[in-house]
Amino acid sequence: MSHVFPRHCHAQLPTAVGGEGVWLIDSEGRRYLDGSGGAAVSCLGHGDRQVTEAVKAQLDKLAFAHTGFLTSEPAEALADLLIAHAPGDLDRVYFVSGGSEATEAAIKLARQYWVEKGQPQRSRLIARRQSYHGNTIGALSAGGNEWRRQQFGPLLLDVSHIDPCYEYRDRQEGETPQEYGIRAAEALREEIERVGPETVMAFIAEPVVGATAGALAPAPGYYQRIREICDEYGILLILDEVMCGMGRTGSLFACEQDGVNPDILCIAKGLGAGYQPIGAMLCSAAVYDAIAQGSGFFQHGHTYIGHPVATAAGLAVVSAILDRDLLSRIRQKGEVLQTALEARFGQHPNVGDIRGRGLFRGIEIVADRDSKAPFDPDRKIAARLKKAAFAKGLICYPMSGTIDGQHGDHVLLAPPFIITDEEIAILVDCLDAAMQEVLGAAEA
Ligand code: PLP
């Protein structure tokens, strides 16, 4: 019997023992194509020598030094590299151990910013429905994914949720994508006015929504208008790029493609590429200065912030993305993947939308293409797709969106950036076989 506490108590999971490129290998020798890179984590694939060597070298040199006392060489170098490429005036990096820690830190920083500015009444966070910002209770309170939240209410924060920018479902007949983008963004203004501008500290959103909506990119102009609204009311903009950042969508930071500069930005997952647990929160000079010139102390911290080995891994990963010109490769292979998905599933009666950017792609599954009606959640389409794909040697990330009755199940694909055309073809074949098995049965 296993003594590991699994997420699904009754699941019989194979034991992973090895990884090579885009493949994972279990203890029986079975190989699985890692079509979602875990959950958009393994961006360089498995067994990248440059990263493993960097981790080993750092372990030999200095495994740990508490950042309450010291900083470290890899933490300094990684912060410099991130800031050199970061959008806007992001100026400081706070290293943590994962995505939830990054969003928690961002929310606390936004709160402390207003306290330092003498406006403690600004305690409300506005977020979006169908979003996910992490599983710790503060991050969960920010997220708008009912399935994850429902057992834990009442949650902690003063949070309200607006609709996401969801062109496939919400753009009206006769409305251009730009017009829709502006209309969707204006929901933020309405919510600010409804709750009282003087009570709002920040707005948080994922530039390209990952797990909860299947690589949902914003309509043109959406984030520019969001930025304008935040500026008009003096509200901080927090962008959560935990899943879509670090090159995944074809630019190092996803928000670059939308021409928007956040006040606070969260990254994780691909930053360590699975070689070490690491996340980070980047903030603007103005936000940092409010703390530095106020109490001078960010009231936050965890034992492993700025861990030398984790930051050494992050440094090797970001250097690899830049030095190997993986950003062009992501854009190119992303088009190959999108084209292959459209060719195979574009006419499928249960495929409503195929979308995304770079190597971050989603397929929305619906019961009916014309009405866009989702499947009944009891049919557990996403879970069955995941199981069928797994049995065929493909790991992907199907999620059920039907819990709130608002959108369909979806499959999220986020393969390692090193994936080849041949491996993309295998991925699509396996997914096709899984779709035939599950959707054939579901429609019968
Ligand atoms: N934010 C987003 C957008 C995520 O997708 C996730 C994880 O999936 C998180 C935050 C939480 O990250 P972690 O699981 O590393 O705590």
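This is a predicted model: local features need pLDDT of at least 70, side-chain atom pairs count only at pLDDT 80 or more; totals for chains, interfaces and linings use all residues.
Biologist: How far apart are the end C-alpha atoms of helix α8 (residues 177-195)?

Modeller: Helices are DSSP runs of H or I with at least four residues, and strands are runs of E with at least two, numbered from the N terminus. The expected span is 1.5 Å times one less than the number of residues, so the 19 residues of α8 should span 27 Å. This agrees with the distance in the model, 28 Å.

Biologist: Which residues of α8 are buried?

Modeller: A residue is buried if 20 or more other C-beta atoms lie within 10 Å of its own, exposed if 12 or fewer, and partly exposed in between, with C-beta atoms placed from the backbone. On the other side of α8, E190, E193 and R194 are exposed. The buried residues are Y180, G181, A184, A185, L188 and I192.

Biologist: Which residue of β2 stands opposite E20?

Modeller: Two strands pair if DSSP finds at least two bridges between them. β1 and β2 (residues 23-26) have four bridges and pair in the antiparallel sense. Opposite E20 in this arrangement stands W23.

Conventions: Residues are numbered from 1 along each chain as its sequence is written.
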